[in-house]
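Subject: Structure for you

Hello,

Here is the structure we talked about. Please open it alongside this email.

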Amino acid sequence: MTDQPIIAIRDLHKSYGPAKVLRGCSLSIARGEVVVVCGPSGSGKSTLIKCINGLEGYQSGSILVDGIEVGAKGSDLPKLRARIGMVFQHFELYPHMSVLNNIALAQVHVLKRTRAVAHERARELLTRVGLQDKADTIPADLSGGQQQRVAIARALALDPQAILFDEPTSALDPEMIHEVLQVMTELASSGMTMVVVTHEMGFARSVADRIVFMDAGEIVEDSPSEEFFSVPKTPRATEFLSKILAH
Amino acid sequence: MNYHFDWTPIWAARGLIAEGLLLTIALSAASLALSTIIGLIVGGAATAHSRTVRACALFFTETMRNIPLLIHMYIWYMAFSFLRLPAFSCAVLGLSLYSGAYVAEVVRAGIGSVGRGQMQAALATGLTGLQAMRYIIYPQALRIIAPSLASLFSQLIKDSSLASVIAVGELTYQAGAIDGQTFRTFEVYITISLIYLVLVTAASQLVLLIPGSRSEAAAGRFADA
Amino acid sequence: MPDVILKNLPFLLHGLWLTVELSAWSIVLGTLLGLLVGTIRFVRVPVLNVLAAIYVEFIRGTPLLVVLFITYFALPALFGYRTTAYRAAIFGFVLFIAAYLAEDFRAGLRAVRPTLIQAGLATGLTRWQVLRHIILPQAIRRVLPSLFNQYVRLIKFTSVASVIGVTELTGAGLLINARDFHPVKILATIAIVYLVVCSALSLAGRALYAQFGVRT
């Protein structure tokens with residue numbers, strides 16, 4: 001039971017109309033693993049992880065999350081999504097609520113915690129990401145880096161089994177990338193299962209257990225982190241690495 | 001111009017004017033409430049996932065908007081006369097369905113302008129679609145459309161004047177009555193116009209009560225529905 | 001088609017024709033007046049600007065029915081002239097729609113980028129030339145969707161002319177109903193005619209903007 005992968009994707013196919021976005025992707029993620037998904041734009045990385053929590057549908061193949069088939073008719077998606085957190089590229093904090101309420105909302109309405117418990121947990125998480133004195137601020141008054149850290153706290157608030165990150169630092173000014181990566185690194189070392197779509201190869205190299213390289217809708221390489229960087233198996237991966245690491 | 005101005009009969013008839021004013025306000029308030037409910041539901045439906053639901057919403061909006069308000073009122077008053085609804089109710093129903101369709105359009109646009117990412121973020125935390133609409137999407141949409149809603153409310157007050165045609169004793173009806181009694185045609189209608197002007201201006205300021213709506217509301221005093 | 005409709009078809013068709021006539025006159029004259037008033041307000045011609053503002057604010061705060069009562073009853077009483085319901089109706093509709101169009105035109109004129117205006121002035125054009133060759137063409141393209149909306153709205157509003165006795169479509173239907181009493185069939189028919197005409201026009205409008213690349 002415990003060595004079952006927490007996320008098991010098998011032969012996933014997805015198209016947007018005539019365009020094939022995912023071509024037969026297969027991927028397994030074990031509990032506690034930190035997996036980085038990288039690749040050129042349009043390779044389908046974001047689409048792939050959005051399929052995991054059912055935000056995107058797929059035509060064929062299967063995705064099992066903690067034993068639940070994501071695409072099955074009648075599967076309880078809200079319940080599944082409460083077990084998997086997600087952090088978005090553009091933070092997507094709710095602009096009409098304070099930071100505290102952003103983090104408390106789902107706790108109250110999905111996990112049915114009391115307001116008091118939810119607020120308390122929210123404050124704990126804010127402290128964990130280093131923003132304890134921003135509880136009553138509104139998102140518009142925070143910097144991008146601060147907003148993203150709040151978003152991570154929001155994802156943690158439901159005590160998820162895994163967190164999906166969709167290019168968490170791509171919309172940030174360079175000075176703020178570090179503070180977010182710091183939080184993510186701490187998260188990884190605390191044993192959280194993470195799937196991170198990113199271009200931050202430094203982070204990938206030091207924190208990830210595995211690197212998954214995608215190109216044109218396919219998973220081209222899937223290797224342990226050190227191996228990927230020193231001995232890439234395919235020419236496409238080699239090309240990508242040389243471009244990314246060149247500057 | 002041989003017209004002899006005489007405003008005193010207008011003042012003498014202020015009781016009738018007051019009655020008419022009260023009915024106009026009652027009519028407008030009732031229709032505002034009903035059309036807002038209709039508009040929120042249909043506008044939300046217009047953004048639903050199901051194509052059938054969206055089509056129904058579109059059908060409703062197109063039909064209700066493209067039938068003139070006067071016809072709406074006549075339909076309830078004459079075609080559905082077997083329902084024996086009092087004229088006031090006919091007017092409210094006619095106004096609400098007509099306005100409701102316009103509110104629905106505005107609500108739909110408002111929901112659409114809340115970024116897709118907000119919905120995804122809300123769903124990603126395990127909220128159901130309905131919960132996401134209620135706590136995340138609608139609150140943001142309402143703030144965006146507040147100025148347009150002010151315009152529609154102003155328009156509603158003006159449209160209520162058509163109720164006079166189905167014998168509801170609101171402001172315009174009373175104007176006709178007073179004109180019949182006093183023959184001060186010009187004074188009566190100018191007075192009524194000014195009263196509507198005041199009502200409409202007051203109505204558009206009310207929308208500033210919605211928390212978070214900005215002073216763009218001041219720009220939308222009169223409707224262009 | 002129901003009997004009562006067939007029997008009265010010529011009268012109803014005449015009513016429809018009156019609706020078209022009323023709409024056409026009101027749209028053409030109203031647009032001209034609206035353009036004039038909107039431009040006056042935009043340019044801020046002294047004195048005229050204030051009069052224009054009073055006119056626009058007054059009309060936009062007044063129900064259409066009251067405007068028609070003013071043009072049919074109040075103004076003739078005031079100035080001591082006689083008029084037909086039809087002429088009073090056109091007068092009223094023109095005044096009404098022009099006030100709304102004036103605001104739309106004014107908004108469109110104001111939306112033209114000031115840098116564009118500066119560019120025109122910098123090449124030596126006078127303010128009037130800039131208005132005519134640069135600002136107006138831009139503004140009109142931008143304003144087309146709102147204009148169209150107002151036109152469709154007006155067609156619906158012509159039904160109110162029935163209240164002062166014009167036998168356009170609604171008026172004709174009501175007269176027939178008074179004599180033959182089939183409210184359901186008559187009202188349903190009239191409703192469908194308006195629906196078809198207005199929906200068709202709205203769709204045509206949207207197709208037009210797409211053609212001319214106007215952003216809605």
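Below is what was found in it, chain by chain.

Please keep in mind that this is a predicted model.

Chain A first. Four strands form an open sheet in the order β2-β1-β4-β5, and the pairing is antiparallel. Strands β2 (19-29) and β5 (68-69) of chain A sit at the edges, each pairing on one side only. Inside the sheet, β1 (residues 7-16) of chain A runs antiparallel to β4 (residues 60-65) of chain A, with 5 bridges between them.

Next, the contact between chains A and B. Here 19 residues of chain A are in contact with 16 residues of chain B. On the chain B side, α6 (116-124) and α7 (129-159) each supply at least two residues. The largest share comes from α6(B), with 6 residues. By class, the side of chain B that touches chain A has 7 nonpolar residues, 9 polar and no charged.

Last, a helix pair in chain C. The axes of α4 (residues 64-79) and α5 (residues 85-110) of chain C come within 8 Å and cross at roughly 130°. Because of that angle, α4(C) counts as oblique to α5(C). The crossing of α4(C) and α5(C) is right-handed. Which residues meet there? From α4(C) come C:Leu64, C:Val67, C:Leu68, C:Thr71 and C:Tyr72. From α5(C) come C:Ala85, C:Ala88, C:Ala89, C:Phe91, C:Gly92, C:Leu95 and C:Phe96. The contact of α4(C) with α5(C) has 10 nonpolar residues, 2 polar and no charged.

Best wishes

How values were computed
Residues are numbered from 1 along each chain as its sequence is written. Chains are lettered from A and ligands numbered from 1 in the order in which they are written. This is a predicted model: local features need pLDDT of at least 70, side-chain atom pairs count only at pLDDT 80 or more; totals for chains, interfaces and linings use all residues. Two strands pair if DSSP finds at least two bridges between them. Two residues are in contact if their C-beta atoms, placed from the backbone, lie within 7 Å. Ala, Val, Leu, Ile, Met, Phe, Trp, Tyr, Cys and Pro count as nonpolar, Asp, Glu, Lys and Arg as charged, and the others, Gly among them, as polar. Axes are lines fitted to C-alpha atoms, for helices over the stretch in contact, and angles run from 0 to 180 degrees between N-to-C directions. Angles under 35 degrees count as roughly parallel, over 145 as roughly antiparallel, 65 to 115 as roughly perpendicular and the rest as oblique. A crossing is left-handed if the near helix is turned anticlockwise from the far one by less than a right angle, and right-handed if clockwise.
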